Amino acid sequence: MTSELDIFVGNTTLIDEDVYRLWLDGYSVSDAVALRVRSGILEQTGATAAVLQSDTMDHYRTFHMLERLLHAPPKLLHQLIFQIPPSRQALLIERYYTFDEAFVREVLGKKLSKGTKKDLDDISTKTGITLKSCRRQFDNFKRVFKVVEEMRGSLVDNIQQHFLLSDRLARDYAAIVFFANNRFETGKKKLQYLSFGDFAFCAELMIWNWTQGAIDSQVDDMFMDLDKEFLQDLKELKVLVADKDLLDLHKSLVCTALRGKLGVFSEMEANFKNLSRGLVNVAAKLTHNKDVRDLFVDLVEKFVEPCRSDHWPLSDVRLFLCQYSGSVHSLDGFRYQALWDRYMGTLRGCLLRLYHD
């Protein structure tokens with residue numbers, strides 16, 4: 001009697017997400033094995049310690065071979081060596097380029113150079129993130145920066161096209177690239193309360209409103225650099241605080257509109273001129289690189305901290321900024337309405353994000 005036996009041979013590369021996470025987190029094979037043992041996998045599967053060791057080593061070898069492809073994700077899609085389903089490819093890429101909040105806050109706004117890379121030992125110690133993981137994340141930031149820095153078009157679109165990241169992760173990388181290019185200061189003690197998400201939110205507003213790409217889609221690296229002509233023109237806004245009549249009228253318009261609507265009306269009325277001078281002087285100073293770098297420091301010092309000290313609730317800050325921005329359109333003789341809107345439209349959004357009452 002003969003029997004038939006069906007045999008199926010496949011070469012699909014198996015990816016264990018838990019082991020991949022351990023590899024990305026920078027654990028050695030022995031440390032990864034120990035963590036897997038601690039998770040109870042031997043009891044769950046009935047495997048021996050030797051089998052677990054071999055399985056972990058096998059996965060690590062696969063990940064090391066895949067890494068060169070992950071540096072240029074489209075290559076992973078088009079190679080034929082590893083048979084990986086598209087959904088798994090997307091997972092490998094997304095996880096490889098995902099970063100730790102604690103790490104990105106340490107390097108955000110710094111030059112992505114060898115000098116910063118030398119600080120990774122200290123960052124690893126401070127954050128508790130392994131040095132290997134810190135290096136991977138830093139190298140990812142630098143790699144994305146180098147690929148997109150001279151490209152025309154949207155930063156987010158370029159990042160998605162060349163690195164196949166999700167929309168959210170591509171937007172985060174756009175913020176990292178933008179901050180690295182413009183060297184915004186984010187490490188000062190008074191800025192430590194701000195999260196990466198806060199800065200990324202502000203970066204997106206500036207990219208779409210203050211860069212060259214906001215007005216001219218034909219220039220190179222158009223969403224990387226702030227529009228220098230726009231920054232120069234911002235000096236014209238000083239008339240709002242230098243001209244006493246304009247300043248008094250602006251205050252009168254705002255106070256009239258907000259009387260009875262603000263819980264901190266008395267404080268706002270008493271401090272209006274100082275707040276206005278602070279916001280306008282920030283604009284006027286953005287012609288200098290150092291003042292561009294210190295933008296967030298200045299916004300916190302000139303607006304956030306004074307309002308906090310007077311215990312403004314966020315709702316009152318929102319009402320004030322809305323009226324403060326809009327009432328300028330009723331100032332006879334002020335000729336820079338479009339410039340003001342471009343500046344304050346973005347600044348208002350940033351200030352509301354920076355203000356944690």
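Over the face of which ring does Arg136 lie? The close-up views below, all taken from a predicted model, begin with this contact.

**View 1. Arg136 and the ring of Tyr96.** Arg136 lies over the face of Tyr96, at 5.7 Å from the ring centre. Tyr96 also belongs to an aromatic cluster, whose members include Tyr20, Trp23, Phe63, Tyr97, Phe99 and Phe103, together with Phe141, Phe163, Tyr173 and Phe196.

**View 2. Arg342 and the ring of Phe230.** Here the ring of Phe230 has the charged end of Arg342 sitting over it, at 4.1 Å from the ring centre.

**View 3. Two of the aromatic pairs.** A pair of aromatic rings is described by the distance of the centres and the angle of the planes. The structure holds 30 aromatic pairs, and one of them joins Phe178 to Phe184 in a tilted arrangement, with 5.8 Å from centre to centre and 45° between the planes. Both Phe178 and Phe184 are buried. In the pair of Phe334 and Tyr336, the ring centres are 5.8 Å apart and the planes stand at 75°, so this pair is edge-to-face; both Phe334 and Tyr336 are likewise buried.

**View 4. Cys255 and Cys307.** A disulfide is a covalent bond between the sulfur atoms of two cysteines. A search of the whole structure finds zero disulfides, and for Cys255, which is in none, the nearest cysteine sulfur is that of Cys307, 13 Å away. Because its relative accessibility is 3%, Cys255 counts as buried, and Cys307 is buried with a relative accessible area of 0%.

Note on methods. Residues are numbered from 1 along each chain as its sequence is written. This is a predicted model: local features need pLDDT of at least 70, side-chain atom pairs count only at pLDDT 80 or more; totals for chains, interfaces and linings use all residues. Side-chain values use heavy atoms; hydrogens and water are left out. A disulfide is a pair of cysteine sulfur atoms within 2.5 Å. Buried means under 20% relative accessible area, exposed over 50%, partly exposed in between (1.4 Å probe, protein chains only). Rings of Phe, Tyr and Trp (its six-membered ring) pair if their centres lie within 6.5 Å; planes under 30 degrees apart count as stacked, over 60 as edge-to-face and the rest as tilted. A charge sits over a ring if NZ of Lys or CZ of Arg is within 6 Å of the ring centre and within 35 degrees of the ring normal.
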